[in-house]
Amino acid sequence: QIGLGTNRFGKEVVYEETVSSTQQIAHRLANEGASEGTIVVAEEQVSGKGRLSRSWHSPKFTGIWMSIILRPIIPIDKAPQLTLLAAVAVVQAIEEVTDTLPQIKWPNDILINGKKVTGILTEMQAESDGIHSVIIGIGINVNTKQDDFPDDLKEKATSIQIEQGKSISRAKLIQVLLLRLEKIYDLYLEKGFSPIKQLWEGYAVTIGRDIIATTLTGTITGRALGITEEGVLLLEDNKGEVHKIYSADISLA
Ligand code: BTN
């Protein structure tokens, strides 16, 4: 194992060649009492999970398919902040080890040159007494080649290798990512969401632009104003009414 330089994150690593989904394993370990910062990484996922019940294409040896267990002592309604926090850490890590300029599309897609390179899935286990665990799943297309993507993804998905024209070390990227994650998580526990919100908004592509938000109940078009302290997206429609968007797919109008 590589020397990580972290205090807690990645001290316990469960590494598997092929799994159904690292999320599933992380949930099980969390229930069995695994400590905060435990990570599950796999070379391949045969049923990788995406947001909104989608699947996540996770071919062997090409990407980082990782789940991390967190046990924050925060109110349940603050949990979405952790997704935004993770997105900032991923952007910082990709910036550090590549010469690409990643950006964030609310809530948690990471794009390079407008195409998706990373998805983040946050799942929480909570009871009436609070949060038991939060599992943050991060999928990064690292050395994926254009041909590795199924046809329906070719238009909108990309990888670090495709964008930068050369492959990079996945081990190095994981190492930098865990350091960044731990650092920003500690900042969050100490100072709250404000500094994270500022970092996040600095990387966001959608803020200040006209977007289309497709929610479960319909479509809203308007200007993305920013995010709230809870990580909710604020959208101003053409009548000047401001909508709070909790969950949606966003595209530029
Ligand atoms: C999205 O829909 O954008 C989120 C994708 C999240 C994928 C990652 S890969 C590691 C972890 N295990 C999963 O099954 N999903 C997440």
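A residue is called buried if 20 or more other C-beta atoms lie within 10 Å of its own, exposed if 12 or fewer do, and partly exposed in between, with C-beta atoms placed from the backbone. The model on display is predicted: local features need pLDDT of at least 70, side-chain atom pairs count only at pLDDT 80 or more, and totals for chains, interfaces and linings use all residues. Residues are numbered from 1 along each chain as its sequence is written.

**First stop: lysine 116**

Select lysine 116, which is found in strand E7; strands (E, at least two residues) and helices (H or I, at least four) are DSSP runs, numbered from the N terminus. Lysine 116 counts as partly exposed because 17 other C-beta atoms lie within 10 Å. Next, select Asp109, Leu111, Lys156, Ala157 and Thr158, with which lysine 116 is in contact once neighbours within four places in sequence are left aside. Two residues are in contact if their C-beta atoms, placed from the backbone, lie within 7 Å.

**Second stop: glutamine 45**

Move to glutamine 45 in strand E2. Glutamine 45 is buried, because it has 25 C-beta neighbours inside 10 Å. Residues up to four places away in sequence aside, glutamine 45 touches Val19, Ser20, Ser21, Thr22, Trp56, Ser58 and Trp65. An unreviewed UniProt entry places the feature "binding site" at Gln45 and Lys116; such positions are given in the numbering used here, feature names are shortened, and annotations may be inferred rather than shown by experiment.

**Last stop: the two domains**

Select domain 1 (13–203) and domain 2 (210–252), whose bounds come from an automatic or database domain assignment. Their centres, taken over C-alpha atoms, are separated by 23 Å. At the boundary, 13 residues of domain 1 are in contact with seven residues of domain 2. On the domain 1 side, helix H2 (80–97) and helix H6 (194–203) each supply at least two residues, and H2 gives the most, with four.
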